[in-house]
Amino acid sequence: MRIERVVLRQLAMKMKSPFTTSFGTQLMREFIVVEVVDEDGTVGWGESVALLNPWYNEETMKTNWHMLEDFIIPALLGVHLEHPDEVTERLQFIRKNNMAKSAFEGAVWDIFAKQQGQYLGQTLGGTKSEISVGISIGIQKDASMLIRMIGEYLETGYKRIKLKIKPGQDVEVVRGVRQVFPDVPLMVDANSSYQLRDLDHLRRLDEFNLMMIEQPLSHDDLVDHAKIQARLETPICLDESIHSAEDARKAIELGSCRIINLKIGRVGGLSESLRIHDVCREAGIPLWCGGMLESGIGRAHNIAVTTLANFTLPGDTAASSRYWDQDIIEPEVKLTDGVIQVPTNSGIGFTVDGSTLDRYTVASKSFSASSL
Ligand SMILES: O=C(O)CCC(=O)c1ccccc1C(=O)O
Ligand SMILES: [Mg+2]
């Protein structure tokens, strides 16, 4: 394929309910959608999952726009590609900025799969026809509210519950949930809000039979996680700390975690995701697919990667209706008893709805190879 045209769109989508983490509360999702068109007119879609503030990682929507506009698009416009892996190779001159790279690379994978007449999951080597998913619940002010929400999500069929925690809202919150739901598959995500000196406190979570504790320590740490994993019964799952297959290898060698949350954007795209998948499979480390409050385009990519064999734990790819009144894809992502039926249509498997996309678009810019 030859990259003929790229359209960047900035979208603003109001969320149905606020999402609170250890860093604050969010009610609007503002993000970038990347549309790539090749010389045959085949269209591919990618989503930048960067947030507005750099609390989760160093990227933001604006830094992603800058990277795409000033470096990524100029490096790839008019370029002939045999395989999507070449996107990562050609962008190696850019340090980090993985979410910006991934937004473009995801669109190229979509085109590549469409050219093969295949569903993207199949192109990636995935084999599952359905995937099980869980749900991530933000920090709640009110314990009875949290219990009610969990009850409703379990009723809907979600296969596991993930609670956001932070110092001061952790052990007692989990204890309260366990009293009402003693056996549900339950885990917590700390988003890097603890330190090595909190080990004794974190050990108190061991009594609750949690599936895992996600990213308790610093966003870039592997060494201290290994120290605490050795003293915790509960498996540690790394999210923020894993940016590449090399990070995964080091984390496994050090014993920093027993599970990895893979986010396509955080690791720079699907090509690197495949490498991480293989490193983890060989080491016997299970994976699950994390979420970044994505629109349907990001959700579609998440579903495709989750069809790979070593994604053995329920991910955070909830139904479209968990966050959106109207999603930008057709059909929207639906769930039956906590299970998503994997699509079979070519590419990302869902159609992007142009008029809904336009309705949420607040800015856009087109780039053409012919105007170079
Ligand atoms: O529902 C989702 O998309 C997952 C929500 C979630 O946990 C999350 C949302 C935004 C940033 C980081 C995280 C995380 O997994 O740490
Ligand atoms: Mg996380």
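**Close-up 1: Strand 6 and its partner strand 5.** In strand 6, Lys 162 is the bridge partner of Ser 136. This is a predicted model, and here strand 5 (residues 135-137) runs parallel to strand 6, joined to it by 3 bridges. Look along strand 6 (residues 161-164) and you'll see Ile 161 and Leu 163 pointing one way, with Lys 162 and Lys 164 pointing the other way; all are buried.

**Close-up 2: On to strand 7.** Strand 6 also pairs with strand 7 (residues 186-189), in the parallel sense and over 4 bridges. Here Leu 163 sits opposite Val 188. To get from strand 6 to strand 7, the chain passes through helix 6 (residues 171-180), and this β-α-β crossover is right-handed.

**Close-up 3: Around ligand 1.** Ser 136 turns up again here, among the residues around ligand 1, which also include Tyr 56, Asp 189, Asn 191 and Met 292. Sorted by class, the shell holds 4 nonpolar, 4 polar and 3 charged residues.

Close-up 4: Most residues other than glycine have a negative phi, and most peptide bonds are trans. Asn 209 isn't a glycine, yet has a positive phi of about 50°; look for Asn 209 in the loop between helix 7 (199-203) and strand 8 (213-214). Gln 215, also not a glycine, has a positive phi of about 40°, and belongs to the loop between strand 8 and helix 8 (223-229). Gln 215 counts as buried because it has 26 C-beta neighbours inside 10 Å. Finally, the peptide bond from Glu 330 to Pro 331 is cis, with omega near -15°.

Key: Residues are numbered from 1 along each chain as its sequence is written. Chains are lettered from A and ligands numbered from 1 in the order in which they are written. This is a predicted model: local features need pLDDT of at least 70, side-chain atom pairs count only at pLDDT 80 or more; totals for chains, interfaces and linings use all residues. A residue is buried if 20 or more other C-beta atoms lie within 10 Å of its own, exposed if 12 or fewer, and partly exposed in between; C-beta atoms are placed from the backbone. Helices (H or I, at least four residues) and strands (E, at least two) are DSSP runs, numbered from the N terminus. Two strands pair if DSSP finds at least two bridges between them. A crossover is right-handed if, with the strands pointing away from the viewer, the path from the first strand over the helix to the second runs clockwise. A residue is near a molecule or strand if its C-beta atom, placed from the backbone, lies within 6 Å of it. Ala, Val, Leu, Ile, Met, Phe, Trp, Tyr, Cys and Pro count as nonpolar, Asp, Glu, Lys and Arg as charged, and the others, Gly among them, as polar.
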